Amino acid sequence: MKVDGKVAIVTGGGGGIGGALAARLVAEGARVVVADLDEDAAQRVVDALGGTSAIAVGGDVSDTDAIRGLVERAEAEFGPVDLYFANAGITGPPGLDIGESAWDQVLDVNLRAHIRAANILVPGWVERGEGYFVSTASAAGLLTQIGSAAYSVTKHAAVGFAEWLSVTYGDQGVRVSCLCPMGVNTPLLYAGKNSDTELGALATRAVTGAGAVLEPDDVAEVVLRALEDEHFLILPHPEVLEMYRHKGADYDRWLSGMRRYQNILRGQSAQQ
């Protein structure tokens, strides 16, 4: 996949990984709809890019009508959509007892938004014989997330849905990639720390203590190179693959290790 001349939609594009992806796509010749719940943030990303290769659209990208509107706007401005980056994501409150409405919100943004976008786009891609769906999941979708049950569960589900898309439509021209980074220097990484809860703080410490915290631009570079080779699993932190192998090789030992890591983090927090 070469992105030069392609039309892309990037959700959660008002900053972080999404903003960096939009910038990288434009730099490599794509035309991009930058979508975000915060339209002003999306517009700032577009303004920084200059030129006429990107537009900003505000809206709830987990809403079916809003997604359909994004696609229609992209088609009107640039032409048929070639790539869809389902990048918007939220952590949700930490813990188990967070209420049905919180679960629904995280499920909507982190999972159902992907399903709804695929429902709109995939039939046309199959008819055309090409299209590319890029799911931003997380290393939490392959491993787990200390602190946030909702984040861990929905990111696992996002990985599963991306796998299913690839298996079901891969022979009909639909490419699929799934981005699973660990720590990236975005507000999302520090949401737990800023939640004023023990579990939230543990969530942030668990990620920042597990490996390097990358900049969004570094992640975007890895993504674009992976798309060239049409790799399914995109791992900006290569060590995630080894962690994933250890998990699969001995699940019980891995779970024990995660509990031990959580207790170490709790002990460190108590000493501060």
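Start by selecting helices H3 and H4: H3 passes H4 in a right-handed crossing, meaning the near helix is turned clockwise from the far one by less than a right angle. Helices here are DSSP runs (H or I, at least four residues), numbered from the N terminus. Keep in mind that this is a predicted model, where local features need pLDDT of at least 70 and side-chain atom pairs count only at pLDDT 80 or more, while totals for chains, interfaces and linings use all residues. Residues are numbered from 1 along each chain as its sequence is written, and side-chain values use heavy atoms, without hydrogens and water.

H3 covers residues 64-77 and H4 residues 100-128; they pack at about 45°, with axes 10 Å apart (axes are lines fitted to C-alpha atoms over the stretch in contact, with angles from 0 to 180 degrees between N-to-C directions).

Now show the side chains where they meet (heavy atoms within 4.5 Å). From H3, pick Thr64, Ile67, Arg68 and Val71; their partners in H4 are Ala113, Arg116, Ala117, Ile120 and Leu121.

Next, select Phe161, Trp164 and Tyr169, which form one aromatic cluster. Rings of Phe, Tyr and Trp (its six-membered ring) pair if their centres lie within 6.5 Å; planes under 30 degrees apart are stacked, over 60 edge-to-face, the rest tilted. Trp164 and Tyr169 are edge-to-face, because their ring centres are 5.9 Å apart and their planes at 80°.

Last stop: Tyr251 and Trp254, another edge-to-face pair, 6.1 Å centre to centre with 80° between the planes. They sit three residues apart in helix H9 (residues 251-271), so about one helical turn separates them.

Key:
Helices (H or I, at least four residues) and strands (E, at least two) are DSSP runs, numbered from the N terminus.
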